[in-house]
Amino acid sequence: PAVLLLTKICDALDHCTVITSSSGPIPVGSDVNYFGPLLEARTTSSILVTTPEGDTAEGHCSVSYKSGEGTCTITAGSGALAGLHANLKVSSDFSNPAYPEGVFTWEGPYHFEP
């Protein structure tokens, strides 16, 4: 299967921006918005990904604030992302001095359903 691999940085609990996209259909510059609930220990949140071209993907993430790890699933999309399905592992790296707020990686298989 095809693999989606991207990294993103977050400027708020409910908003992140894709900074690298080495494989998959979500390009650099895409916004990821989280709609909660943003709980004390983790987020279990519906998400909306919007590309710079205005294509969208919808899904759900569950990520621990303590470990910075979790999962995201994408189950629908529009435009160039119509029919997108992905099962993504979330990991984080807080060691990059350029991004002290953390760099978050999404990696996992994806496919398009008609």
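Predicted model: local features only at pLDDT ≥ 70, side-chain atom pairs only at ≥ 80, totals over all residues.
Strands here are DSSP runs of E, at least two residues, numbered from the N terminus.

Start with the largest pocket. It holds about 290 Å³ of space. Its lining counts 17 residues. Which of them lie nearest the centre? C10, L13, V63, Y65 and F104 do.

Now the strands. β1 (2–12), β5 (56–64) and β8 each supply at least two residues of that lining. β1 gives the most, with three residues. By class, the lining of the largest pocket has 12 nonpolar residues, three polar and two charged.

Next, aromatics. A pair of rings is described by the distance of the centres and the angle of the planes. How many aromatic pairs does a search of the whole structure find? Two.

Take F94 and F104. Their ring centres are 5.8 Å apart and the planes sit at 90°, so this pair is edge-to-face. F94 is in the loop between β7 (84–93) and β8 (103–112), while F104 is in strand β8, so the pair ties together parts 10 residues apart in sequence. F94 is partly exposed, at 48% relative accessibility. F104 is buried, at 14%. And F104 is one of the residues nearest the centre of the largest pocket.

The other pair is Y110 with F112. That one is edge-to-face too, with 6.0 Å from centre to centre and 90° between the planes. Buried or partly exposed, then, for Y110? Buried, because its 16% relative accessibility falls under the 20% cut-off. F112 is partly exposed, at 38% relative accessible area.

Notes: Residues numbered from 1 in each chain as written. Heavy atoms only, no water. Phe/Tyr/Trp six-rings, centres within 6.5 Å; stacked < 30°, edge-to-face > 60°. Helix = DSSP H or I, 4+ residues; strand = E, 2+ residues; numbered from the N terminus. Buried < 20%, exposed > 50% of the residue type's maximum accessible area, 1.4 Å probe, protein only. 1 Å grid on protein atoms, 1.4 Å probe; cavity = no way out; pocket = protein on both sides within 12 Å on 5 of 7 lines; lining within 4 Å. Points joined across faces, edges and corners; volume = space filled by probe spheres on them. Nonpolar A, V, L, I, M, F, W, Y, C, P; charged D, E, K, R; others polar.
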